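Dear colleague,

Please find below the structure that I am handing over to you, together with its sequence.

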Amino acid sequence: NRPEITWTQVPKERAQRIVDISLDGKRILFGNVETQMLTVYDLQTEQTMWQIPMDFSAAITSRWSPDGRQIAAIVDGNISILDAANGDHISEIESSLKKYEDLLRVLTTSEKLGYTDFKWSSDSKQLSALSHGYIIVYDISTESISTVVDLVIISSGDLREYLHKFD
């Protein structure tokens, strides 16, 4: 009754920084600081699925959507949404989130901080992102911002109740 453990070594010349593992454990997302390429590698076939240019000079945070169909990443305060099958940018989502971030920066008269964190809903239908003291919720199915929450005016109890739906 011992669990089966599989060990796969990703080629050293390509994997300088492991970023995230898909929830099914079949793919990894990693970056190469020297080549500035973001890569999805299939652990079963031991083949690279795709690579795209990505600037690693700034901090990067990335997460697979729970259904494994998309990857979200914050690079230098901007959110990129990628199709996990081929690495294509999903520009409708990216541009909507960028417009709201720009609007919040003007409304709050703050320096460009951009997005600082995000979380997928458990059903992969929503992406919540934190920027300038606001939570912006993007609804994937309607391709629009569904909710904007001002964290300054919300009470801590209400915030816990609101964020619970993303667990």
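In the protein chain, 35% of the contacts between residues at least 6 apart in sequence join residues at least 24 apart. Please bear in mind that this is a predicted model.

Overall composition

The protein chain has two helices and 11 strands. Along the sequence, these elements follow the pattern β-β-β-β-β-β-β-α-β-β-β-β-α. Of the 167 residues in the protein chain, 41% are buried. The accessible surface is about 9800 Å², and carbon and sulfur atoms account for 51% of that area.

Strand 2 (residues 27-32) and strand 3 run antiparallel and are joined by six bridges. Within this pair, Arg27 stands opposite Asp42 of strand 3. The two strands form a hairpin with four residues between them, and Gln36 in the turn has a positive phi of about 60°.

Strand 3 is also joined by six bridges to strand 4 (residues 47-53), again in an antiparallel manner. Here Asp42 stands opposite Gln47 in strand 4. This second hairpin likewise has four residues between its strands, with a positive phi of about 55° at Glu46 in the turn. Strand 3 (residues 37-42) is largely enclosed by the rest of the structure, because five of its six residues are buried.

Three strands form an open sheet in the order 5-6-7, and their pairing is antiparallel. Strand 5 (60-64) and strand 7 (78-83) are the edge strands, each pairing on one side only. Neighbouring strands of this sheet are turned by 20° against each other on average, direction ignored. Six bridges connect strand 6 (residues 70-75) with strand 7, and Ile71 has Leu82 in strand 7 as its bridge partner.

The loop between strand 5 and strand 6 contains Ser65. Is Ser65 buried or exposed? Ser65 counts as buried, because its relative accessibility is 1% and the cut-off for buried is under 20%. The side chain of Ser65 makes a polar contact of 2.7 Å with that of Asp67. Leaving aside neighbours within four places in sequence, Ser65 is in contact with Leu23, Gln70, Trp120 and Ser124.

Strand 9 and strand 10 are joined by six bridges, and the bridge partner of Gln126 in strand 10 is Asp139.

Nonpolar cores

The largest nonpolar core has 18 residues, and Ile79, Leu97 and Leu127 are those with the most contacts inside it. The elements that give two or more residues to this core are strand 6, strand 7, helix 1 (91-108), strand 8 (115-120), strand 9 (126-131) and strand 10 (134-139). Not counting residues up to four places away in sequence, Leu127 touches residues including Ala72, Ile79, Ile81, Leu97, Phe118 and Ile136. Another core, of 14 residues, lies apart from the largest one, and among its members are Val19, Leu29, Trp50 and Trp64.

With kind regards

Methods: Residues are numbered from 1 along each chain as its sequence is written. This is a predicted model: local features need pLDDT of at least 70, side-chain atom pairs count only at pLDDT 80 or more; totals for chains, interfaces and linings use all residues. Side-chain values use heavy atoms; hydrogens and water are left out. Two strands pair if DSSP finds at least two bridges between them. Axes are lines fitted to C-alpha atoms, for helices over the stretch in contact, and angles run from 0 to 180 degrees between N-to-C directions. A nonpolar core is a set of buried Ala, Val, Leu, Ile, Met, Phe, Trp, Tyr and Cys residues joined through side-chain atoms within 4.5 Å. Buried means under 20% relative accessible area, exposed over 50%, partly exposed in between (1.4 Å probe, protein chains only). Contact means heavy atoms within 4.5 Å. A polar contact is a pair of N or O atoms within 3.5 Å; within protein, one must be able to donate a hydrogen and the other to accept it, and residues adjacent in sequence count only if both atoms are side-chain atoms. Accessible areas come from the Shrake-Rupley method with a 1.4 Å probe; for residues, only the protein chains shown count as cover.
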